[in-house]
Structure formats: C-alpha cells, structure tokens
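Dear colleague,

I am handing over the structure below, and my notes on its sheets and helix packing follow it. Please read them with the coordinates open.

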Amino acid sequence: MSHHFIRFDNVKYTYPDGSEALKGVSFTITHGERVALLGLNGSGKSTLILHTNGLLLPTSGKVNIGGIPITEKTAPTVRKSVGMVFQNPDDMLFMPTVYDDVAFGPRNMNLPEDEVEKRVTEALDAVGLAGLEKKSAFQLSGGQKRSAAIASVLSMEPDILVLDEPTANLDLLARHNLIKLLDSFHHTILVATHDLEMATALCSRSILLKEGRIIADGPTGEVIENFNVF
C-alpha cells in the first residue's frame, strides 16, 4: 500500500470549552489524489486539517497517515511526511532571510549542508523566488510570502501536502501562479478552501463539511453543483 494516504476513521473532536468541531468524520484519500475540503467558516475544516499531522489529536476515533496511526508518540514521525501550509504565511516565516526560512526544515532533519542547499535552491526555484534568498520575509509581497511558506514545506520533500486557504488575499496573478505550482506537485494534496475556482481547477474530488460532519464527498463539479457550498 502506498504511504501517501490519509485516513480518518470516525474522528470526533471536542474543544476544551465543550464545543464539538468534528462529529464522526470518516474518509480516505489515496496516493496522488487532490482533494478540496469545502465548507463555511466554523464547519470544522481547520480543525480537521490540524489532525493530519498531529497538531490536534482526536477525542475519539483514529487518524492514519501512510500506515501510521497518529498519537503523541508518532506525531513527530508523521510530520516528516505531511507538509502543512497555514493560512497566514507570517506564522511560518520567522528566520532572518528567505533562505534560512526554507532551510529550517531540512536543517532540523539533520541533513548535510550541501543537501540543505540543494533542497532550498530547488524549492525556491519551484515557487519562483530564485534570487530572493537574502531578503527578509518582511520585504516580500503577500504572494511572495505565500510562495516562501510553501517553499519551506517543499524543501522537506513531503509525501502529502496540506494547505489552509492558500489563495486567501492573493491578487489574480499570484493566485494563478500558486494554482500552477500546486498542480505540479505529484503527490497527495488536501486543501481547505473557499476558492471554488481553485478547487475546480486543482481538485478532482471535494469533501464538504457542515457543522463538523461530512455531507458530501465526490467529484468537485458535482459537489459544487448539487450542494449549497457557501
């Protein structure tokens, strides 16, 4: 079985204040699938994706990534194969230079410096930021920040890419470039988004959440056509 899969088995999650964010969510995403996670704000999308690398653990049920059930013990191992891009790139960019931001992950994997340099160069080239290595993230545009955040994940060569609202606040050109970049990623993608055009262009399948439950799971065009997505 491929190691590039995501499986949720009757996952429930309750926050400390007692609010139920996920109410028995089950699905499997197989190797190479590109899946959009759709739903209104508060439907549980962000909570769900935080379960994919153990930033949150289920109140009950199981999450399995590539054959590894996620627990407190296994989460660090899972995070090596699941690259997560948060909605706000400023949450991911904190080093003095773009180069250092993108090198942070590979260095923490204890890779040789020549391999780190190779991965940083390839990742920055992939997102169109070659030549900006010495700049601070604070000097970048919104689209460039988003690209740098994605590069910082690509440099770790993840098997699975998980993104939270990646096109939020991007102009048309930056949005087009981001969709093109994600289209070139040949492994598994799960993307939480309100951007139906991106979902249609990138993802053949969509999962629709409402109040913590899956109410639709199927071809993106059919889900958008047959359900009141937003």
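Strand S9 (residues 205-210) runs antiparallel to S10, and six bridges join the two, where helices (H or I, at least four residues) and strands (E, at least two) are DSSP runs numbered from the N terminus, and two strands count as paired if DSSP finds at least two bridges between them. Within this pair, Ser206 has Gly218 of S10 as its bridge partner.

Before going further, please note that this is a predicted model, in which local features need pLDDT of at least 70 and side-chain atom pairs count only at pLDDT 80 or more, while totals for chains, interfaces and linings use all residues. Residues are numbered from 1 along each chain as its sequence is written, and side-chain values use heavy atoms, with hydrogens and water left out.

S9 and S10 belong to an open sheet of six strands in the order S6-S7-S8-S3-S9-S10, whose pairing is mixed. Its edges are strand S6 (82-85) and strand S10 (213-219), each of which pairs on one side only. On average, neighbouring strands here are turned by 15 degrees against each other, direction ignored; axes are lines fitted to C-alpha atoms, for helices over the stretch in contact, and angles run from 0 to 180 degrees between N-to-C directions. Helix H5 packs on this sheet, touching S6 and strand S7 (160-164), and its direction makes about 170 degrees with that of S6; contact means heavy atoms within 4.5 Å.

H5 (residues 142-154) also meets helix H6 (residues 172-183), their axes coming within 10 Å and crossing at roughly 15 degrees. H5 is therefore roughly parallel to H6 (angles under 35 degrees count as roughly parallel, over 145 as roughly antiparallel, 65 to 115 as roughly perpendicular and the rest as oblique). The contact is made by Gly143, Arg146, Ile150 and Leu154 of H5 with Ala174, Leu178 and Leu181 of H6.

The other helix pair is helix H3 (residues 98-108) with helix H4 (residues 113-126), which pack at an angle of about 125 degrees with their axes 9 Å apart, and are therefore oblique to each other. Among the residues making this contact are Tyr99 and Val102 of H3 and Val116 and Val120 of H4.

Finally, a second open sheet has four strands in the order S2-S1-S4-S5, with antiparallel pairing, and its edge strands are S2 (20-29) and S5 (68-69). Strand S1 (residues 6-14) pairs with S2 over seven bridges, and Arg7 has Thr28 of S2 as its bridge partner.
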